[in-house]
Amino acid sequence: MTYDPKVIVALDYAEAKDALSFADKVDPRFCNLKVGKELFTAAGPALVEKLVNKDFRVFLDLKFHDIPNTVAKACTAAAKLGVWIVNVHASGGPKMMSAAAEALSFCHNRPKLIAVTVLTSMDDEELKAVGINTTAALQVERLAKLAKECGLDGVVASAREVPIIRTFASRPFLTVTPGIRPAGSEVGDQKRIMTPGEAVRAGSDYLVIGRPITKASDPLEALEKINQEIAVSLS
Ligand SMILES: O=C(O)c1cc(=O)[nH]c(=O)n1[C@@H]1O[C@H](COP(=O)(O)O)[C@@H](O)[C@H]1O
C-alpha cells in the first residue's frame, strides 16, 4: 500500500449494514476505518474481515483491559482477523502491556499495538473523581512512557498531548488522536479536543474521527473537507 491516509473513521454504527454502506462509498486511499465496541458487539469478527477484505486498514478498538493472560490471548485473536491496529488500556499496567506485546510478536501479520492513555472524554476533574490526582497531560505522559518501555507501537491520546509525547518518543512511535472536532462542530462528550488542522500541526500521526463524519448530512463531503484541511495544514 503506497497511500497513508491520516483519518481513521470511527464506524460507531449499531448495525453492520450501515458500516458496510459507508465502506462501499469510500476509497481506502482516503481513510482508514475503526471498529469499536458498539459495532463489534453487534456485528462481530465477520464484519471486521469484510472491511479488511475491501482493502481498508482496520483499527480494532476494543480497548482490552484485563489480566495479562486474558489480554495477550485477546490480542492474538484480534491479529487473526488481519487488522492493522489493536489497542489496550495502558492503565492495565506494565505486565499486561508487555504480555500483549510479547503475544503479538509471535503472530503472522502482526498488527500494531497501541495503548489508550487517558480517554479524551476525561478532564482533570474526572481523573480526580477516580483517584488520580494529577493533570490529564501528566497522566498521559506517565502512561505513554510506560507504553513505550513495554515495547508498544504507540499510544492513543488527545492531540493536545502529542508535543509532550514527542519529547521522549519520536516516530515511528505512533500518536493516534481522537477528540477531533472541525471548527463549529458539536463537541458532545469529548473534553480534550482539537481541530483536524491543529492536530496534524501538533504532530499527530492519525486522527480518529466519528460523529463529525458519520452524523454529517453528507458524510463523504465531511470527510473530504477534513482531508483538505489536513492537506493544507501539512503543506
Ligand atoms: O481508542 C479510541 O479510539 C478512543 C480513545 C479515546 O480516548 N477517546 C475516543 O473518543 N476514542 C474513540 O474515538 C471515537 C471518537 O468518536 P467521535 O467523538 O464521534 O469523533 C470513538 O469511537 C471513541 O470510542
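Two strands pair here if DSSP finds at least two bridges between them. I take helices (H or I, at least four residues) and strands (E, at least two) as DSSP runs, numbered from the N terminus.

**Ground rules.** I'm working on a predicted model, where local features need pLDDT of at least 70, side-chain atom pairs count only at pLDDT 80 or more, and totals for chains, interfaces and linings use all residues. Residues are numbered from 1 along each chain as its sequence is written.

**Strands 4 and 5.** I looked up Val88 and found that its bridge partner in strand 5 is Ala115. Strand 4 (residues 85–89) and strand 5 (residues 112–116) run parallel, joined by five bridges.

I traced a closed barrel of eight strands in the order 1-2-3-4-5-6-7-8, with parallel pairing. From one strand to the next the twist averages 25°, with axes as lines fitted to C-alpha atoms and angles from 0 to 180 degrees between N-to-C directions.

**Strand 1.** I checked both faces of strand 1 (residues 7–10): Val7 and Val9 on one side are buried, as are Ile8 and Ala10 on the other. Buried means 20 or more other C-beta atoms within 10 Å of the residue's own, with C-beta atoms placed from the backbone. Strand 1 runs parallel to strand 8 over three bridges, and Val9 stands opposite Ile209 there. Strand 2 (residues 32–35) also pairs with strand 1 in the parallel sense, over three bridges. Ala10 has Lys34 as its bridge partner in strand 2.

**Ligand.** I then went through the 19 residues around the ligand; Ala10, Leu119, Pro178, Gly210 and Arg211 come nearest. Near means a C-beta atom, placed from the backbone, within 6 Å.

Technical notes. A residue is buried if 20 or more other C-beta atoms lie within 10 Å of its own, exposed if 12 or fewer, and partly exposed in between; C-beta atoms are placed from the backbone.
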